[in-house]
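Welcome! Take a look at the structure below, and then let's walk through some of its features together.

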Amino acid sequence: MELRQETELQQKISQNTIQAVSILQMGNQELEEYLETMALENPVIEPEEKSMLSDMEQNGERKISRKSYEDYQNRAYSDERAEKEELRGEEERFTLEEFLLEQILYMDIEERYVPALKYLIYDLDERGYLTEEPEKISCTLKTDLETVKEAVKILHSMEPLGVGAKNLQECLLLQLREKPDTQLEEEILGKYLKELGKNQLSRIAEQTGRSLQEVKEAKERIKGLNPRPSNYFPTGRFKEYLVPDIIVVKLKDCFEVLINDAQNARFHISGFYREMGKKVEDKEAAEYIREKIKQAEWLSQCLEQRKTTLLNLGEKIVERQQNFFRNGKGFLEPLTQREIAEEMGVHPSTVSRGIKGKYLQCPWGTYPLSFFFSVGIQGEGRKEDSADYIKSCIGSIIDQEEKKKPFSDRLIAEKLQKMGISISRRTVAKYRDSMHIKDALGRKEY
């Protein structure tokens with residue numbers, strides 16, 4: 001008997017712990033959806049947006065679902081499988097500019113064209129098009145027009161195909177240039193783009209002397225081309241609308257850290273079911289209601305603990321990254337999740353879960369919490385936690401590179417990963433700069 005009770009108690013503790021961990025790592029939107037699901041599974045939970053009691057509840061007609069909320073918690077087990085990856089933090093995606101700059105390292109380009117080519121890359125608009133005229137670029141760079149035109153040709157040969165085009169027509173033609181048997185498609189794009197846009201296929205067939213079926217097939221092949229070379233790349237000119245979890249406000253002499261309560265999911269426990277649990281004569285129903293109330297009370301504790309953890313985490317980040325919050329992006333300091341965990345008095349995995357999917361808003365913009373950490377969780381007491389050790393590894397990697405094809409910061413980060421050091425490309429750049437080592441383009445020997 002005692003053994004069975006102890007087993008049940010351990011199982012209950014485990015389920016409650018899983019729920020608390022799961023709630024901590026949820027973002028605002030996910031938390032709201034989770035609470036809606038819980039409200040469907042547990043009748044005593046009422047999201048605050050709802051009215052206090054519906055007419056059905058007041059009349060006692062609402063039936064109690066016996067489906068247990070533990071079913072929803074099954075996903076927490078699958079989350080545990082990915083825990084190791086979560087501890088590393090997320091690597092930010094390559095921008096189109098960064099992708100093109102890295103290609104320069106591995107292309108056989110005369111050195112005199114590199115400055116103009118870099119200018120063209122940074123001059124691309126949000127679509128990946130180059131709309132500025134070569135003559136104007138030549139004047140801006142104070143270089144001859146032929147150099148600029150040659151740089152444009154080089155840009156047109158780079159991936160993704162179509163980058164650097166002056167308009168949609170040229171963008172698509174540049175992509176066709178690398179495909180076989182595209183005479184009809186090129187003719188349509190060169191002469192009948194307007195008709196194609198209006199789907200006047202019969203007219204195109206008549207003008208080109210081709211069959212309607214051939215024109216239809218050509219249209220489908222054209223539709224398969226990419227009209228925006230910047231697709232699948234974050235351009236840096238457009239920021240997705242994000243709801244911050246933490247807000248940092250700059251006051252006269254200090255910073256104030258706030259939790260975005262306006263976005264936090266909230267609920268209350270139904271007074272109707274509290275009374276019903278006391279008055280109902282059916283013992284099984286009364287026990288079921290009391291159990292559901294306990295579950296709701298634990299959920300409330302989890303939400304409050306999440307808020308407390310995020311507030312503590314935000315305050316520690318602000319405390320350790322004072323230079324960033326006062327002076328801007330270029331003043332971010334090396335910081336590990338383990339260091340913050342020790343200051344908060346919690347396990348490093350708590351910090352990792354608290355960071356996941358959360359955003360902080362400050363006067364400089366809105367950033368993922370992982371942005372403020374340069375090194376993820378490493379083994380206890382390992383030298384990989386040392387910034388000096390990481391810098392020495394970066395220096396060693398750069399010393400061994402081929403000078404005509406130097407390693408980009410991304411490749412250095414990958415090599416460090418193989419050495420058991422998990423840091424982002426951005427952190428590599430920060431350490432490299434602090435060592436007064438130029439970037440890959442600056443180190444390339446022609």
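A residue counts as buried when its relative accessible area is under 20%, and as exposed when that area is over 50%. Please keep in mind that this is a predicted model.

For Phe325 the relative accessible area is 1%. The rings of Phe325 and Phe372 form a stacked aromatic pair, with 5.6 Å from centre to centre and 15 degrees between the planes. This pair links distant parts of the chain: Phe325 belongs to helix α17 (residues 322–327), whereas Phe372 sits in the loop between β6 (365–368) and α20 (387–399), 47 residues apart.

Altogether, the structure holds nine aromatic pairs. Another of them joins Phe324 and Phe325, whose ring centres are 5.1 Å apart and whose planes meet at 85 degrees, so this pair is edge-to-face. Phe324 has a relative accessible area of 0%, so it is buried. Which residues make up the aromatic cluster? Phe255, Phe324, Phe325, Tyr367, Phe371 and Phe372 form it together.

## Two crossing helices

Now turn to helix α8 (residues 134–141) and helix α9 (residues 145–156). Their axes come within 9 Å and cross at roughly 120 degrees. The two helices, α8 and α9, are therefore oblique to each other, and their crossing is right-handed.

Where do they touch? On the α8 side, Pro134, Glu135, Ile137 and Ser138 take part, and they meet Leu145, Val148 and Lys149 of α9. Sorted by class, this contact of α8 with α9 has four nonpolar residues, one polar residue and two charged ones.

## Backbone details in the loops

A few loops are worth a visit too. The peptide bond that joins Glu159 and Pro160 is cis, with omega at about -5 degrees. You will find Pro160 in the loop between α9 and α10 (168–176).

Next come two residues that have a positive phi without being glycine. Asp181, with phi near 55 degrees, lies in the loop between α10 and α11 (183–191). Is Asp181 buried or exposed? Its relative accessibility is 74%, so Asp181 counts as exposed. His436 has a phi of about 60 degrees, also positive, and lies in the loop between α22 (425–434) and α23 (440–443). With a relative accessible area of 75%, His436 is exposed.

Key
Residues numbered from 1 in each chain as written. Predicted model: local features only at pLDDT ≥ 70, side-chain atom pairs only at ≥ 80, totals over all residues. Heavy atoms only, no water. Axes fitted to C-alpha atoms, helices over the stretch in contact; angles between N-to-C directions. Helix = DSSP H or I, 4+ residues; strand = E, 2+ residues; numbered from the N terminus. Parallel < 35°, antiparallel > 145°, perpendicular 65-115°, else oblique. Left-handed = near helix turned anticlockwise from the far one by under 90°. Contact = heavy atoms within 4.5 Å. Nonpolar A, V, L, I, M, F, W, Y, C, P; charged D, E, K, R; others polar. Phe/Tyr/Trp six-rings, centres within 6.5 Å; stacked < 30°, edge-to-face > 60°. Buried < 20%, exposed > 50% of the residue type's maximum accessible area, 1.4 Å probe, protein only.
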